[in-house]
Amino acid sequence: MNWIKVASAQELQNDEAKTVNVAGHGVALFRIDDEFFATDSMCTHATALLADGYVEDGCVECPLHQGRFDIRTGKAMCAPVTVDLRTHAVKQDGDDIYVMSPDQP
């Protein structure tokens with residue numbers, strides 16, 4: 001596994017998200033309280049990009065059916081989502097944001 005540069009810190013404001021490509025995997029990158037977090041990009045309930053969801057209080061709400069996930073842990077917080085998200089290690093080096101490449105399936 002490798003660290004992959006995915007963004008610069010200035011690309012995201014607090015409570016914003018974007019989908020990034022990490023070694024061929026879609027990953028949702030979030031900025032919360034000036035910290036960066038990453039999860040799988042797709043909701044575990046239905047085909048929806050979580051970076052298109054509503055980010056508030058450390059959670060993201062799926063734009064399709066309003067299920068919520070804790071961005072820091074990936075925990076499914078309310079129906080209809082029941083399966084947690086996979087999270088990914090993130091590090092910041094100056095303005096550069098890196099995500100650890102996910103394991104290959």
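**View 1. The annotated span, residues 4–99.** In residues 4–99 the end C-alpha atoms lie 5 Å apart, and the span is 0% helix and 47% strand. The structure shown here and in the views that follow is a predicted model. In UniProt, an unreviewed entry places the feature "domain: Rieske" at residues 4–99.

**View 2. The four-stranded sheet, β2-β3-β4-β8.** Four strands make up an open sheet in the order β2-β3-β4-β8, and their pairing is antiparallel. Strands β2 (16–22) and β8 stand at the edges with a single partner strand each, so one side of each is left without a neighbour in the sheet. Between β2 and β3, which pair in the antiparallel sense, there are seven bridges. Ala17 stands opposite Phe30 in β3, while Asn21 has Gly26 of β3 as its bridge partner. The hairpin of β2 and β3 has two residues between the strands, and in this hairpin Ala23 takes a positive phi near 50 degrees.

View 3. Strand β9 is joined to strand β10 (residues 96–100) by four bridges, and the two run antiparallel. Within β10, Ile97 is the bridge partner of Gln92.

**View 4. The nonpolar cores.** The largest nonpolar core has 17 residues, and those with the most contacts inside it are Phe30, Cys43, Leu50, Val55, Val60, Phe69 and Ile71. Strand β3 (residues 25–32) contributes the largest share of this core, namely three residues. A second, separate core consists of twelve residues, among them Val6, Leu12, Val27 and Leu29. Around Cys43, leaving aside residues up to four places away in sequence, the residues touched are Ala48, Leu50, Cys62, Phe69 and Val81. Three of the names in that neighbourhood or at its centre, Cys43, Leu50 and Phe69, are also listed among the residues with the most contacts inside the largest core.

**View 5. Thr39 and its surroundings.** Thr39 has its place in strand β4. With a relative accessibility of 1%, Thr39 counts as buried, because buried means under 20% relative accessible area. When residues up to four places away in sequence are not counted, Thr39 touches Val27, Ala28, Phe30, Leu50, Ile71, Leu85, Arg86, Thr87 and His88. Of these neighbours, Phe30, Leu50 and Ile71 are among the residues with the most contacts inside the largest nonpolar core, whereas Val27 is included in the second, separate core.

**View 6. The salt bridge between Arg31 and Asp34.** The structure holds five salt bridges, and one of them joins Arg31 to Asp34, with the closest N and O atoms 3.0 Å apart. The two residues fall into separate accessibility classes: Arg31 is buried, at a relative accessible area of 15%, whereas Asp34 is partly exposed, at 46%.

**View 7. The salt bridge between Asp33 and Arg72.** The side chains of Asp33 and Arg72 meet in a salt bridge at 3.6 Å, N to O. This pair links distant parts of the chain, since Asp33 is in the loop between β3 and β4 (35–40) and Arg72 is in the loop between β7 (68–70) and β8 (87–88), 39 residues apart. Asp33 is exposed, with a relative accessible area of 58%, and Arg72 is partly exposed, with a relative accessible area of 38%.

**View 8. The salt bridge between Asp40 and Arg86.** In this pair the side chains of Asp40 and Arg86 meet in a salt bridge at 3.3 Å, N to O.

Technical notes: Residues are numbered from 1 along each chain as its sequence is written. This is a predicted model: local features need pLDDT of at least 70, side-chain atom pairs count only at pLDDT 80 or more; totals for chains, interfaces and linings use all residues. Side-chain values use heavy atoms; hydrogens and water are left out. A nonpolar core is a set of buried Ala, Val, Leu, Ile, Met, Phe, Trp, Tyr and Cys residues joined through side-chain atoms within 4.5 Å. Buried means under 20% relative accessible area, exposed over 50%, partly exposed in between (1.4 Å probe, protein chains only). Contact means heavy atoms within 4.5 Å. A salt bridge is a side-chain nitrogen of Lys or Arg within 4 Å of a carboxyl oxygen of Asp or Glu. Two strands pair if DSSP finds at least two bridges between them. UniProt positions are given in the numbering used here, feature names are shortened, and annotations may be inferred rather than shown by experiment.
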